[in-house]
Amino acid sequence: MVPNSFTLIMRNVVIIGSGCAGNTAAVYSARASLSPLVVSGHEPGGQLSITSEVENYPGFPDGVMGPQLVENMKLQAIRFGAEFINGTVEDCDLSQRPFKLKIDGEWIETRTLIVASGASARWLGLPNEYKLIGHGVSSCATCDGFFYREKEIMVIGGGDTAMEEANFLTRFGRRVTLIHRREEFRASKIMVDRTRANPKIEILTNTVVDDVYDVEKGFVTGAKLRNLVTGETWDRPVDGFFVAIGHIPNTKFLRGQLDTDEEGYLISHGGARTKIAGVYHAGDVQDRVYRQAITAAGAGCMAAIEAERFLEAEGH
Ligand code: NDP
């Protein structure tokens, strides 16, 4: 499984992911003098880096910007000796200790591993959606909202993210249309109420998107909508098409070496433990229920404490 000609650098703790969970694990394990290595992944900073204001992270009575919060955690971890590298874990071998990880072509070894690789945006899977990503199709309002000043914007989804993005995008767009496939919303009542009260947001329930146009022009010009109750279909002009329908856990690189549920979320074997001693999980990669910045941070703390105790018991 692991090629012979690899470069091995032994670490005490490697943390995969640099979101709230990974960075908190880094703070704790760095402060325990374990010199953790954080592999930032393809979405450095995780979900917080693409959110706007976080109003429910304790300790910030006036709210805090998501990217700022996660950057602060990183600086805090670096202060105690954590090392961050940009890179993606492509493969791993957890069959024996030390564990082996392939990061952008190079193999390293670690005595403990904290998987905090989060979850990535889910897409609708429309025929033209992928072709228009970055050309009007987006999964990140805070990243791309700015481009749609006085434009027509559409947000797809009925969860808190969709509500948050729709409200945020009214700062830019002429109008925001929220499309949701059901009558009821999964989002919290406060977010739904805020969305309903926003005069710039129009809500279309029981509605799905059948496709997004226009690949030939190279940018988004409209979407084909369908009412699930009446069956009626119609085209609607749109400039910015924001998909906010949840996430997929980043566990592919584990290639089945840890237990996952049917959607790929890691299964806990008690607290932060996985089925392999010395390998721990933290944050959205395991948590499909709470998925909050504060719960991810708490999980990162738990994973780091587990790693520290494991290393101590092993005499390191
Ligand atoms: P959710 O899983 O909560 O919601 C996803 C939404 O997308 C659902 O309404 C779902 O519809 C819809 N959806 C899923 N697949 C499709 C599809 N193929 N076509 C059309 N619609 C689809 O994800 P979120 O990202 O909104 O939220 C994730 C977690 O993060 C939640 O726990 C949420 O509370 C939390 N969060 C909290 C925030 C805060 O507190 N400030 C802000 C943002 C997120 P259906 O309901 O029909 O299944």
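Predicted model: local features only at pLDDT ≥ 70, side-chain atom pairs only at ≥ 80, totals over all residues.

Guide: Residues are numbered from 1 along each chain as its sequence is written, and side-chain values use heavy atoms, with hydrogens and water left out.

Visitor: Why is F147 called exposed?
Guide: Exposed means over 50% relative accessible area, buried under 20%, and partly exposed in between (1.4 Å probe, protein chains only). F147 has 55% relative accessibility, so the residue counts as exposed.

Visitor: What makes F146 and F147 an edge-to-face pair?
Guide: Rings of Phe, Tyr and Trp (its six-membered ring) pair if their centres lie within 6.5 Å; planes under 30 degrees apart are stacked, over 60 edge-to-face, the rest tilted. For F146 and F147 the centres are 6.3 Å apart and the planes 75° apart, which makes the pair edge-to-face.

Visitor: Why is the pair of Y148 and F242 edge-to-face?
Guide: Their ring centres are 5.7 Å apart and their planes stand at 85°, so the pair is edge-to-face. Y148 lies in the loop between helix 3 (141-144) and strand 11 (152-156), and F242 in strand 17 (residues 240-243), so the pair ties together parts 94 residues apart in sequence.

Visitor: Are Y148 and F242 buried or exposed?
Guide: Y148, at 11% relative accessibility, counts as buried. F242 is buried too, with a relative accessible area of 0%.

Visitor: What makes the charge of K74 one that sits over the ring of F84?
Guide: The rule asks for NZ of Lys or CZ of Arg within 6 Å of the ring centre and within 35 degrees of the ring normal. The charged end of K74 sits over the F84 ring, 5.1 Å from its centre. R31 likewise lies over the face of F80, at 5.8 Å from the ring centre.

Visitor: How do you know what span to expect of helix 2?
Guide: Helices (H or I, at least four residues) and strands (E, at least two) are DSSP runs, numbered from the N terminus. The expected span is 1.5 Å times one less than the number of residues. Helix 2 (residues 66-79) has 14 residues and reaches 20 Å from its first C-alpha to its last, close to the 20 Å expected.

Visitor: Which residues of helix 2 are buried?
Guide: They are G66, L69, V70, M73 and A77.
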